[in-house]
Every structure is written in C-alpha cells, then in structure tokens.
Amino acid sequence: MENYDVVVIGAGPGGYVAAIRAAQLGKKVAIIEKRKTLGGTCLNVGCIPSKALLDSSEEYDKAKHKLGDHGITISSVKIDIKKMMERKEKVVNEVTSGVDYLMKKNKITRYLGLGKFVSKNQIQITSEDGKSETISGTNIIIATGSVPIEIPPLPVDAKNIITSDHAISLESVPEHLIIVGAGVIGLELGSVWGRLGAKVTVVELMPRLFGNADGATASLTQRILEKQGINFLFETKVHGAKTKGKKVEVEIEDKEGKKSVLEGDKVLVSIGRRPNTDGLGAKEIGIEFTERGRVKVKPNHFQTNVPNIYAIGDVIDGPMLAHKAEDEGIAVAELIAGKSGHVNYRAIPSIVYTWPEVAWVGLGEEELKSQGIDYKVGKSLFKANARAKAMNEPDGQVKVLSDKKTDKLLGVYIVGPRASDMIAEVAVAFEFGASAEDIARSTHAHPTLSEILREAAMDADAKWSIHS
C-alpha cells in the first residue's frame, strides 16, 4: 500500500491548491478526483464555463445594442450557439489541462476515482469500472466541494427542469427561462440567456437580492437588471412544476397568498448548493458534522475531531467561493507543514459577474446598524468618472463604509463595470486594516475606473470628494 504525507480528496480550487502548496513544502502528496479532468465544479461546470458564456453574451449584446454609440455600424448580428459552446469548452479544456500540468510539475500523484475513508489513515479509491485500490495518508484533506441543491417540488430531468450544470450547455436559446432562486448563479446564467434573447423570470422566496449584503446595493442592482429585461418575483414560493411536452408549468404563490402558474420552456433550479460528502465515509469513521451538514472543524485550523483529517472549501462553514477555498488550501498545507497558515475571512470578496458587475468586501449598512456600529458613508457614481464616460458605461456606484471614530474600513460595495477587478484593492486594504483616508490619500492613475473608489473614500473620510 502506497503511503503519502498528505492525501487530498477532491481536485477543485481548494484541493489542487492545497496539494501544490503541500508539495512545495516538501511533502509527498497524492490527490484523488472522480472527474477525468481536474479543477472540480469551478473549472469544469461552474466559474470558468459560466464566465466564458458571460463574456460571449456581453460581446453579442455590445454588438447589437452599444457599438452604434461608438460610430460602429454592424448590419446583422447573429448567434451561433454551437460555436459559442465550442469556445466555452476550449477555455475549460485549457484551464483544466493547466491544472494537470501543475500536478506533474509538482510531482503530485493523481488517482482517478471516488475516494472513501476506510479508516482515519486509509482511503479506498474506486474507478468507474469498479476496480479499487487503497492508499494511506499521514494527513488527509477533505476538499470535495459542493453540488446543486435539488428539491422534490422541482424534479430535475436535465431537459426542461435543469440545474446550473445543464444551463451552461443548452443547445438553443430558451423562449422563457424561469429561474428559481435569485442567488449569484441564477443571476449570472439569467444574464447570459437574457442577453441572447430569452425572456427571464426570477422567482425568489426572500424579499431582495444578496441576502444580508448591503440593501441599497441590492436595490440598485435589481433596478439595473430590470432595465435589462429580467423580471423579479420576490417573496414568492414555488409549490411545484409539471412538464407538458416542451413546456413547464410552475405553480407559485405570492406573499399575499395568491397562487398562479408561470409557463416556460426551461426552469433553472438555483436555490443554492450543499456539501458534497455523499459516499465519502466520513461519518462512518467518526468525523463530526454541523447541524447544516458541513464538516465541523476547529476555527482557523481546518482540523476535524479526527486529528489527522482536515477539511476546507464548500464542505465547511463559510461562503462557498472558489477563492475562499484556495486560501484555505494554502493555509491548511502550511499548518500541516508546521507553519502559520491563516485566512482573513473579513477580507474575502464576494462577486456577481452580471453586467455591470457587483462586488463587495465587509459589512453593509443593515449589518452595521444591527451590530450597533457607528459608521460614515461615502459614495461616488460611475457616470461622473471620465473613464466610465469613455467606455459608455455610466451605470453603478461605489459605496464606502468606515468607522465614525477611527475611519477604519468596514465595508465597500461596488456596482459597475470591472467591479471584480476593482475589489482587489479593497481586499488588500482590509488585509492591512486600512482607513478610508488611506485609500483617499493614495494616488490612483487617471483616467481609470479605480478613481471612483478613491472619490468614494474621500467622501467617506471628510466629504472632500473632488469630482462627485
């Protein structure tokens, strides 16, 4: 039986990063993955393919509706869904092949199959053809990620009633796409197919977007998306769905108790994800789970109640984000190697890749009020920024929240083009415990979108914004 210093179960962003970092630190490492390609949900059927489709649909929308303002006339704009999907698959293949190369470069042994605990040190690996082998590890990291939540009233058939896994591979544009759940995944895929011509209706049980995130930011995003043609039905329950030929009838109930039926040709079930621990054998060897079904670990140490077994990413508490899993992968590998691995959860960005994009770090106004924290607010609009004007992208704003006494940053919320890139500066600022004035006093190149963040920080610091 082959023995390793570190065995990682799952080759998503958390798992493969943990494996690489452990190998860099001199450990003999193995990684187990049931997919033939590495990268987990994110690279294969999540983050990467969805972003490829988002970019394609944005280019189509720009060609059809925006290039005329630049003096560029295109007589006919057509969609080739097959070619669009081929491009998406090419992107996915390139990034997953890149991870495979990194495994070889770092001398990490890869096992193809489903990993299951036999004991606290032994993992049985079963391949698709039923063959199995067992390896052992001094330390084992659970990084098996998550899967879409499915519910009985919406039985997924992969044709008319689908999950995000299917929504990234449709062969044609739906006439009416009904999305159950107004989370990040639903909004992004709704944006893709909405730009390409689908009618999009989003049904959400909660009263607004983004859960506990800043309410004003959620409202602004909703207005922009509604202007793009997405229809929202908030505080609405879904009781069931029936497929009739190529159509699906979805029974809904609003907050007043009025029931009605929505008819569409595709229903995307996007109500969240759950930890992927089925068949892992973790409970059988005594690993403890939380009430929410996540693996219980020691805070900031990622160690389960079985001392040599660790867990990271979507299977433990915290936001289900690829970059959060990556940071945890680095930290857990360093802890196993006797170093001081750490993740600052306060500085982890959340991003919605609609257009304009939405990104934030820290707390929103409602959260600050509920915690009794006195704060200041600074704002700056994209429409006042020279680069945004040149790009013809006026929608959105930056909102900076800082402590009323110390000026320390508490939350930054961005709605606008390239918010996903702009938020990196904010994450660094949070990591260093920066104040609004620190950003306001830092030189930002002109003309750039980043100047909007500086203006908002000036406004929060002492209301000395220059251009707002």
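The structure is a predicted model, in which local features need pLDDT of at least 70 and side-chain atom pairs count only at pLDDT 80 or more, while totals for chains, interfaces and linings use all residues. Residues are numbered from 1 along each chain as its sequence is written, and side-chain values use heavy atoms, with hydrogens and water left out.

**Domains and their contact**

The domain assignment divides the chain into domain 1 (2-148 + 274-337), domain 2 (161-271) and domain 3 (350-462), with bounds that come from an automatic or database domain assignment. Between domain 1 and domain 2, the C-alpha centres lie 27 Å apart, and the contact takes 17 residues from domain 1 and 16 residues from domain 2, where contact means heavy atoms within 4.5 Å. The size of an interface is often given as the accessible area lost when the parts come together. Domain 1 and domain 2 bury about 1,300 Å² between them, 69% of it on carbon and sulfur atoms; this buried area is the accessible area (1.4 Å probe) that two parts lose on being put together, summed over both.

The count between domain 1 and domain 2 is two salt bridges, a salt bridge being a side-chain nitrogen of Lys or Arg within 4 Å of a carboxyl oxygen of Asp or Glu. On the side of domain 1 that touches domain 2, helix H2 (40-45), H3 and helix H4 (81-105) each supply at least two residues, and H3 gives the most, with nine residues. Helices here are DSSP runs (H or I, at least four residues), numbered from the N terminus.

**Salt bridges**

| Salt bridge | Closest N and O atoms |
|---|---|
| Arg 21 and Glu 334 | 3.1 Å |
| Arg 195 and Glu 58 | 3.8 Å |
| Lys 324 and Glu 328 | 3.1 Å |
| Glu 188 and Lys 51 | 3.1 Å |

In the salt bridge of Arg 21 with Glu 334, Arg 21 lies in helix H1 (residues 13-24) and Glu 334 in helix H8 (residues 322-336), so the pair ties together parts that are 313 residues apart in sequence. Arg 21 counts as partly exposed at 21% relative accessibility, whereas Glu 334 is buried, with a relative accessible area of 16%; buried means under 20% relative accessible area, exposed over 50%, and partly exposed in between (1.4 Å probe, protein chains only).

Arg 195 forms its salt bridge with Glu 58, and because Arg 195 lies in helix H6 (residues 184-195) and Glu 58 in helix H3 (residues 47-66), this pair ties together parts that are 137 residues apart in sequence. Both Arg 195 and Glu 58 are buried.

Lys 324 and Glu 328 both lie in helix H8, four residues apart, which is about one turn of the helix. Lys 324 is buried at a relative accessible area of 0%, and Glu 328 also counts as buried at 0% relative accessibility. Elsewhere, Asp 100, Lys 104 and Arg 110 are linked in a network of salt bridges.

**The disulfide**

A disulfide is a covalent bond between the sulfur atoms of two cysteines. Counted as a pair of cysteine sulfur atoms within 2.5 Å, the total comes to one disulfide, formed by Cys 42 and Cys 47 with their sulfur atoms 2.5 Å apart. The torsion about the S-S bond of Cys 42 and Cys 47 is about -125°, so the disulfide is left-handed. Cys 42 is buried, with a relative accessible area of 11%, while Cys 47 is partly exposed, with a relative accessible area of 29%.
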